[in-house]
Amino acid sequence: MKIEKEKYDERQLQIRGEIFKHGFLTACALMLFNAFLQGEGIGWANGFHQNILMFIFASTVISVEFHLRDVYFGKGGRRITSISIFGFCSVLLLVLSVFHGVQGEKFVADHRLTDNGFHIVGGIMFFANTICALVQLFREKQAERTIK
Amino acid sequence: MAKNLRLKASRAAKDKTQKDLAEAVGVTRQTINAIELGEYNPSIRLCIAICKALGKTLNELFWEDDLQ
């Protein structure tokens, strides 16, 4: 008897539900905080970047928690392929941002994130996600070796 | 929740790793580990799948006398 209709098993689905709740609450808190800042006339980026960064931050919270609680990949997920693609994209984003920074593009202008600042903050969040995935991959490989 | 040492012993007696058992019942290795450590309370469906994979009954693997 094998239970394999779903991509995730029952424990993973339960934990993923808890984590999505955390992500939803994080997104709500960010939106409220941003609305408060806007009400006070404080802008930290242009409107488009603010919304995208809040979305990416909430997604990063969810992804990082998924990785750390080992529910990102389901049964037989292709960990190494996914981590490689994610890692490559995040490093590329960071390297491009730093390259533009070296060429003179500012990260912050008039107390607001510029396009390049937006890219580097996004890159850092993607990179944090990749690092957590690698840490979890290492922990899982170690556990497979040690637990009999 | 207490550790499920009977599950661990039965699995070892069948010379199966956590990964082998997980693949046999269609869950992740971490789920089998969590059940053995008493960190996760499996559904009856999963309990039955584990029992069938190890050739044991529900009572032999999951019944706890102190719950009576």
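From H2(A) come His49(A), Ile52(A), Leu53(A), Ile56(A), Phe57(A), Thr60(A), Ser63(A), Val64(A), His67(A) and Leu68(A), and they meet Asp115(A), Phe118(A), Val121(A), Gly122(A), Met125(A), Ala128(A), Asn129(A), Cys132(A), Ala133(A), Gln136(A) and Arg139(A) of H4(A). Contact here means heavy atoms within 4.5 Å. By class, the contact has 12 nonpolar, seven polar and two charged residues; Ala, Val, Leu, Ile, Met, Phe, Trp, Tyr, Cys and Pro count as nonpolar, Asp, Glu, Lys and Arg as charged, and the others, Gly among them, as polar.

The model is predicted, so local features need pLDDT of at least 70 and side-chain atom pairs count only at pLDDT 80 or more, while totals for chains, interfaces and linings use all residues. Residues are numbered from 1 along each chain as its sequence is written, chains are lettered from A and ligands numbered from 1 in the order in which they are written, and side-chain values use heavy atoms, with hydrogens and water left out.

**Two helix pairs**

Two packed helices are described by the angle between their axes and the distance between the axes. Axes are lines fitted to C-alpha atoms, for helices over the stretch in contact, and angles run from 0 to 180 degrees between N-to-C directions. Helices (H or I, at least four residues) and strands (E, at least two) are DSSP runs, numbered from the N terminus.

| Helix pair | Axes come within | Crossing angle |
|---|---|---|
| H2(A) (residues 47–68) and H4(A) | 9 Å | roughly 5° |
| H2(B) (residues 18–25) and H3(B) | 8 Å | roughly 110° |

For the chain A pair, the crossing angle of roughly 5° makes H2(A) roughly parallel to H4(A). For the chain B pair, roughly 110° makes H2(B) roughly perpendicular to H3(B). The cut-offs: angles under 35 degrees count as roughly parallel, over 145 as roughly antiparallel, 65 to 115 as roughly perpendicular and the rest as oblique.

In the chain B contact, H2(B) brings Gln18(B), Lys19(B), Leu21(B), Ala22(B) and Val25(B), and H3(B) brings Arg29(B), Ile32(B), Asn33(B) and Glu36(B). These residues divide into four nonpolar, two polar and three charged.

**H3(B) and Glu36(B)**

How many residues of H3(B) are buried? Eight of its eight, where buried means under 20% relative accessible area, exposed over 50%, and partly exposed in between (1.4 Å probe, protein chains only). Among them are Arg29(B), Thr31(B), Asn33(B) and Glu36(B). After the helix comes Gly38(B), with a positive phi near 75°.

Glu36(B) sits in H3(B), which covers residues 29–36, and its relative accessible area is 5%, so it counts as buried. Its side chain makes a polar contact of 2.6 Å with that of Arg11(B) and another of 2.9 Å with that of Gln18(B). A polar contact is a pair of N or O atoms within 3.5 Å; within protein, one must be able to donate a hydrogen and the other to accept it, and residues adjacent in sequence count only if both atoms are side-chain atoms. Leaving out residues up to four places away in sequence, Glu36(B) also touches Lys3(B), Asn4(B), Leu7(B) and Lys8(B), among others.

**Cores**

A nonpolar core is a set of buried Ala, Val, Leu, Ile, Met, Phe, Trp, Tyr and Cys residues joined through side-chain atoms within 4.5 Å. The largest has 17 residues, and Val25(B) and Ile50(B) have the most contacts inside it. H2, H3, H4 (44–54) and H5 (58–62) of chain B each give two or more residues to this core, with the largest share, six residues, coming from H4(B). A second, separate core of six residues includes Ala45(A), Ile56(A), Leu113(A) and Met125(A).

**Single residues**

Back in H4(A), Thr130(A) is buried because its relative accessible area is 7%. Beyond its neighbours within four places in sequence, Thr130(A) is in contact with Ile83(A), Phe86(A), Gly87(A) and Ser90(A). Val135(A) also belongs to H4(A), which spans residues 115–146, but at 38% relative accessible area Val135(A) is partly exposed.

Ala109(A) is in strand S1(A), residues 108–109, and is partly exposed at 30%.

Over in chain B, Ser10(B) is part of H1(B), residues 5–13, and is buried at 10% relative accessible area. Not counting residues up to four places away, Ser10(B) touches Leu54(B), Lys56(B) and Leu61(B).
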